[in-house]
Amino acid sequence: MAVTQQEIQNRLWDAADELRVAMPEAQYSSVVFPLMFWKYLSDTWEHQHQEFLADNEGIEDLSREEAREIEYRDYQSFEIPLIHPDTVKERRASWSSILATITQPGLGQRVRASLQAIETSNPDKFSRLFGNMTWASEEVLSREVLAAVMQAMDRTPKMHEGNMSHDVLGGAYEYLLKRFSDGSGTRAGQFFTPREVVELIVEVLEPKSFESVYDPTCGSGGMLIASANLLKSRGGRGYTLSLNGQEAVAETAGVARMNLFMHNLTQFKVEVGDTLKEPRFTEPDGTLKQFDVILANPPYSLKWKPWTKDPRAIGGVAPQSTADWAFVQHMIASMGAEKGRAGVVLPHGVLFRGGQEAAIRQRVLDDDLLEAVIGLPANLFYNTTIPTAILVFRAAGTKAPERQDGVLFIDASKRFTKAKNRNILTAADIADVVTAYNSKFDASGSPVDPDGEGGLLARFAPTTEIAANGYDLNIGRYIKQAATEQADLGTLIDAYNIARAERQKAEQRMLALLSAAGIEGFDE
């Protein structure tokens, strides 16, 4: 019987909930994801091992080395090694093997040793995957709590392809990511971008089969996975994408790599390091590697050590107080010359702040690299309530003819639905924004209402107009006519009501004065 999405999600949350006596919800992910992935690897390995035994009768006549060669050549794609293989304590570093010792002292020690053995045996796939595993210490997580989590997780069905699809497995991982994010407040923004924002950026950039995709601040890998999922949903082959990401926090990079594996996406590379200080994706000559699609939700207004001499710094160097434009410059430098495009979510300040940022903005606009600015609603993210915008870039000379020498502005700030902790974009909201982005606009200067309901306005503004505004990209400067007309009606009504009330008061005072003077016969 097929395992349902809801069933595995409920069971996994039951396992996570065992941690409530030991740590705040914000820390659950550091324990649950390594255990979940370990169980997935173990279940998959054991399923393949049983298939190997079933297909190879008489395998007992072969030496261990000969049998191992056949199994790892034809059946297994990774290794779950034996621990102490030459002693009476021989034990495989698998979930079931350690679970069998769950009542014995030193459980955390054995779990850590097993995960480290898997990393060591699969350096090309799982190096540094599980992080520092401080949670395996008895001081952090008692044997009783760790045992309870493992026992609860063991009640989930076997996590292998013969028992559940990767869509179900990946969906369960995504469910936990969101559930942990909902419960961890602002900390969630470090690794999780709301899925509807991710979907919108991916829809706009539209990855194609066999293209390369890069996220320089990849967090939990959601944008890379969404790229493959979109391609798959449109009849393409998501697995043909080359997926690449860099993440500053090693533990979060591990979460991303596990996430990609759970979604059956194996053509990926996730590196650890500071993208601005030490970009990991470079060519042999030291220049930046270039990609077809680049997407990111970098940390906002990050204080950083500015470059002293770096070819990425087109137009100048971003100020020490905020690295927002430095991330943009890195993404621009990473765009492939023929079809490179990039989408990044940033706070509105990048649109109008002066000084060094204004100089960079001017250069980017003069080079005609910015294609669109999409204003999003406030309070969409876990780590900030401020309104943000998606900036879309195209490699020099690759914009469509009707998009050259100008920028498309889309105001979607009123398109949202209120949820418990934040606002969300619905599927209809996303579809309408994408339709607006893909529409053709002339440079007449009149905003267009693509959805016909007044909740979404768009306009193409020529670079000459933007230059006349001092290269200020504040959306209100360019989508102001229709917005002003709507605002003017309300303003006029308010002004009329105030004036009418003031007139009535003045008339009452006048009538009172006339009456006191003995002058009668005046009506209101």
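Guide: Before we start, one term: contact means heavy atoms within 4.5 Å. Also keep in mind that this is a predicted model.

Visitor: Among contacts in the chain between residues at least 6 apart in sequence, what percentage join residues at least 24 apart?

Guide: Let's begin with what the chain is built from: 18 helices and 13 strands. Its length is 524 residues, and 51% of them are buried. Now take the contacts between residues at least 6 apart in sequence; the share joining residues at least 24 apart is 71%.

Visitor: Which residues have the most contacts inside the largest nonpolar core?

Guide: That core holds 151 residues. Helix H2 supplies its largest share, 11 residues. Once neighbours within four places in sequence are set aside, Leu35 still touches Trp95, Val111, Trp135, Leu146, Val149, Met150 and Met153. The residues with the most contacts inside the core are Leu35 and Phe393.

Visitor: And how many residues are in the other core, the one apart from it?

Guide: Look for Phe52, Ile59, Ala67 and Ile70, which are among its members. The number of residues in that core is five.

Visitor: Is the crossing of H2 and H11 left-handed or right-handed?

Guide: H2 spans residues 28–55 and H11 spans 250–262, and their axes come within 11 Å, crossing at roughly 35 degrees. On the H2 side, Ser30, Phe33, Pro34, Met36, Phe37 and Tyr40 meet Glu251, Val255, Met258, Phe261 and Met262 of H11. Sorted by kind, these contact residues are nine nonpolar, one polar and one charged. As for the crossing of H2 and H11, it's left-handed.

Visitor: Which are the edge strands of the open sheet of nine strands?

Guide: Follow the order S5-S4-S3-S6-S7-S9-S8-S10-S13, where the pairing is mixed. Neighbouring strands here are turned by 15 degrees against each other on average, ignoring direction. An edge strand pairs on one side only, and that picks out S5 (268–272) and S13 (457–462).

Visitor: In which sense do S6 and S7 pair?

Guide: Find S6 at residues 293–296 and S7 at residues 341–347, joined over four bridges. Leu295 stands opposite Gly343 in S7. The sense of the S6–S7 pairing is parallel.

Key: Residues numbered from 1 in each chain as written. Predicted model: local features only at pLDDT ≥ 70, side-chain atom pairs only at ≥ 80, totals over all residues. Heavy atoms only, no water. Axes fitted to C-alpha atoms, helices over the stretch in contact; angles between N-to-C directions. Helix = DSSP H or I, 4+ residues; strand = E, 2+ residues; numbered from the N terminus. Left-handed = near helix turned anticlockwise from the far one by under 90°. Nonpolar A, V, L, I, M, F, W, Y, C, P; charged D, E, K, R; others polar. Core = buried A, V, L, I, M, F, W, Y, C linked by side-chain atoms within 4.5 Å. Buried < 20%, exposed > 50% of the residue type's maximum accessible area, 1.4 Å probe, protein only. Pairing = 2+ DSSP bridges.
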